[in-house]
Amino acid sequence: MCMTGGHLRTRVRSTVAVGLLLAALPCAAMVGLGPVARADTGLAPLDAPIERYRSRLIEDVDRSVMSVQKLRASVANGDLAAARQAWIEARVGWERSEVFTSGFAPELDRDIDAWPNGATGFHAIEAKLFGADRIDIASEVDALLHSLSAMATTTRKITLTPQGLLDGLTRLAYEVGESKVDGGESRISGTSIDDMRNNVDGIELAYGTIFAAAIESCDRNLHATAQHQIDELKTMLAQRDLRQIEQERLRVVSEELVLTLQTAAPEIALARPTLELQ
Amino acid sequence: MMRRGYWVIATCLLAMLPAGDAGAFPLSGDQTVLPPGTELNEDALYRPTEVFHSESRGGFKSYMVDLGDLAFNSPSLLGGPARSAGMSCGTCHVNGAGNPKLYVPGMSTRPGNFDTTGPLFNPKAHNGVLDPVRIPSLRGARFLAPYGNDGRIASLRDFVRNVVVNEFSGPEPSPAILDALVAYIEDIDFLQNPSLDSNGRLTAQTNAAERRGEMIFSRPFPHDATMSCATCHIPSGGFVDHKQHNVGTGGLFKTPTLLNADFNAPYFHDGRYDRLDQVVAHFDQVFELGLTPQDRSDLVAYLTAVGDGLLPVDREGVTSQLKEINDFATVLEIAIPAHDLAVIDLAVTTIGQELRDLTEKFPDRRDPTVSGGLQERLAARATLKDSVIRFRRIGNAAAAGRFDEAEAEFMIYRKMSAGVLPMLLTYAQRWSLFNPAVHNAHYAALRQALRQAEKSAHVLAAPADNVVESAAKPIQTGH
């Protein structure tokens with residue numbers, strides 16, 4: 001059986017990381033989630049949830065690729081309004097998949113999402129499309145399509161480890177709390193809040209698909225806390241625009257979600273997630 | 001001479017301050033609390049030096065001073081749009097000095113002034129007139145009562161409360177926080193000035209022009225022999241008389257100090273003049289002083305000598321940033337054992353944001369304007385992010401009554417802040433925004449991208465409209 005949430009929280013309060021790891025092992029062994037269980041049974045119980053996540057991730061990235069193809073067609077037709085709409089749609093899948101990029105492929109950020117003022121990538125296109133009303137962006141769109149297509153291929157082949165996914169999830173939870181008082185990274189198109197919403201959707205997807213059941217089986221309260229924090233982020237980001245968001249509270253909830261995930265990690269036999277892939 | 005040496009250094013440093021909008025805090029788009037075009041100068045590479053009276057006497061800042069400094073730099077002290085925009089007292093009074101570049105469209109008529117009774121930050125204080133006032137330096141404020149540009153408030157404590165509550169819609173500060181704010185402001189000294197002795201007289205190291213200017217400064221006015229410049233700007237009294245006068249600028253305004261004035265431009269209550277020669281010309285005209293060109297030049301030389309100060313600015317860097325954060329953190333040494341939840345919350349919130357801001361000084365992979373040092377930058381970012389979360393852990397533990405845990409976490413931070421944190425940040429500093437070359441490349445790129453957005457920002461200029469001064473009263477509700 002798993003350790004109860006109350007028991008575990010007592011341990012969390014009174015011990016440091018070593019204690020947490022020790023406390024986690026029995027739970028991990030019982031539910032068969034971690035390396036101990038894998039060694040004992042030959043099973044990798046998170047494999048199925050991870051593959052379910054992979055299929056959703058692939059859908060998101062493919063959708064982003066399709067939107068960029070639509071963007072390319074709009075550019076070819078000289079249709080600025082359609083191009084802008086396609087750019088906004090392409091951002092959705094990209095931002096939702098940041099759990100993956102943060103955990104496994106951060107170098108994609110430089111090609112796809114360079115900021116500020118990359119020669120290529122989403123924001124180079126944004127500046128011309130939304131800032132300068134220019135549609136002479138064929139080469140930038142081709143480069144973006146190339147990078148996203150490569151990413152789509154990677155998502156199908158790469159080994160997705162539970163640790164990498166939890167790391168990516170936690171890093172994205174931290175990032176959501178970053179200040180956007182300067183207008184955020186997509187300020188030219190006015191869609192920074194959409195980026196944030198899509199980030200949180202990506203968090204919810206990864207948490208719900210991969211980790212929720214495992215954590216809940218060990219500590220129902222911890223799972224409820226994580227779910228509540230994700231829900232609160234979603235509620236805060238349901239505002240019409242950035243000005244209505246309470247940035248201070250957003251930061252608090254983002255950091256508390258990081259803490260929750262860091263606390264949960266040893267319960268499912270994973271290391272405490274790091275906040276930067278070095 | 002030593003003073004000249006420092007002056008040359010200071011001049012060079014000031015000359016290196018980014019020109020135009022090079023040091024801008026780029027804020028644009030149609031979804032910002034502050035109007036597009038706002039300049040807060042938060043990314044300046046040089047900041048005014050903060051000289052504390054307690055430290056200059058060989059002591060150390062008290063808990064009260066550190067707490068006041070913390071509160072002074074915390075957005076949570078304010079309310080409404082200022083808080084939402086992440087502004088604090090320190091946004092306008094950088095390190096307790098001024099901010100000559102601060103400009104808020106609709107609220108400023110020029111960089112360095114700001115309408116404290118405008119519609120943006122507290123509609124209840126809106127007076128329907130665009131009447132911005134210069135952002136004053138607070139150096140030596142304990143000698144400069146009464147407070148406010150027209151001296152309307154006798155007590156510094158009352159003045160600070162008025163700024164927080166009425167001008168910036170902040171919640172009523174606790175008496176302890178008000179006391180701390182006053183302790184902090186009163187500990188900020190003038191910069192030392194070797195040109196002046198303890199009576200405000202020029203020392204022997206000054207030159208002939210400066211000494212001639214000193215004579216003119218004390219010379220009776222041609223049309224009123226009872227008056228001279230020194231009548232109001234009393235050299236032995238901090239160059240003030242604590243009174244209000246009409247000097248032809250539209251009303252009664254209190255006599256400003258001339259100490260460190262070289263670094264306090266723009267001048268006059270509304271910041272109408274950029275340079276001291278313009279100030280001299282104004283007085284010459286209004287009071288019919290009959291100054292010759294030589295007199296004017298000498299007077300400017302004298303005012304410049306009086307307004308001088310040692311090391312007026314500090315280069316921003318890892319050391320200065322960590323010192324400030326660690327000074328803020330010292331309040332936890334008392335607040336945690338005292339179970340002072342209000343101070344713990346203030347510290348955790350403010351320090352966490354400072355650490356997040358510091359993280360962004362070390363660009364991540366996405367920034368194409370920085371090459372090299374990626375591992376060093378990522379290591380710096382990682383340890384800063386860990387510190388942010390550690391402070392959140394401290395706050396949560398304290399809020400839940402687990403003060404031992406909060407204390408233990410704080411001790412871990414203390415050890416890190418004395419070792420691994422400064423080490424990793426220093427390793428990465430050359431690839432950070434503290435490096436002028438990296439800084440300039442980063443902001444040049446950002447400006448270039450945002451310049452393209454100006455067109456769309458103008459089209460979507462609605463946010464600026466609601467801060468334009470108008471005589472119309474705010475809509476009243478609840479009647």
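Of the 278 residues of chain A, 58% count as buried (under 20% relative accessible area, 1.4 Å probe, protein chains only). The model is predicted: local features need pLDDT of at least 70 and side-chain atom pairs count only at pLDDT 80 or more, while totals for chains, interfaces and linings use all residues. Residues are numbered from 1 along each chain as its sequence is written, and side-chain values use heavy atoms, with hydrogens and water left out.

Chain A has 13 helices and 0 strands, where helices are DSSP runs of H or I of at least four residues and strands are E runs of at least two, numbered from the N terminus. Contacts (heavy atoms within 4.5 Å) in chain A with a separation of 6 or more are 74% between residues 24 or more positions apart.

At the interface, 50 residues of chain B are in contact with 48 residues of chain A. Gln31(B), Arg356(B) and Arg366(B) supply 20% of the area that chain B buries against chain A, more than any other three residues; buried area is the accessible area (1.4 Å probe) that two parts lose on being put together, summed over both.

| Interface of chain B and chain A | Value |
|---|---|
| Buried area | about 4500 Å² |
| Salt bridges | 7 salt bridges |

A salt bridge places a side-chain nitrogen of Lys or Arg within 4 Å of a carboxyl oxygen of Asp or Glu. One joins the side chains of Glu248(A) and Arg83(B), at 2.9 Å, N to O. Elements giving two or more residues to the side of chain B that touches chain A include α4 (80-84) and α14 (341-359) of chain B. On that side, α15(B) gives the most, with 12 residues.

How values were computed: Chains lettered and ligands numbered in written order. Buried < 20%, exposed > 50% of the residue type's maximum accessible area, 1.4 Å probe, protein only.
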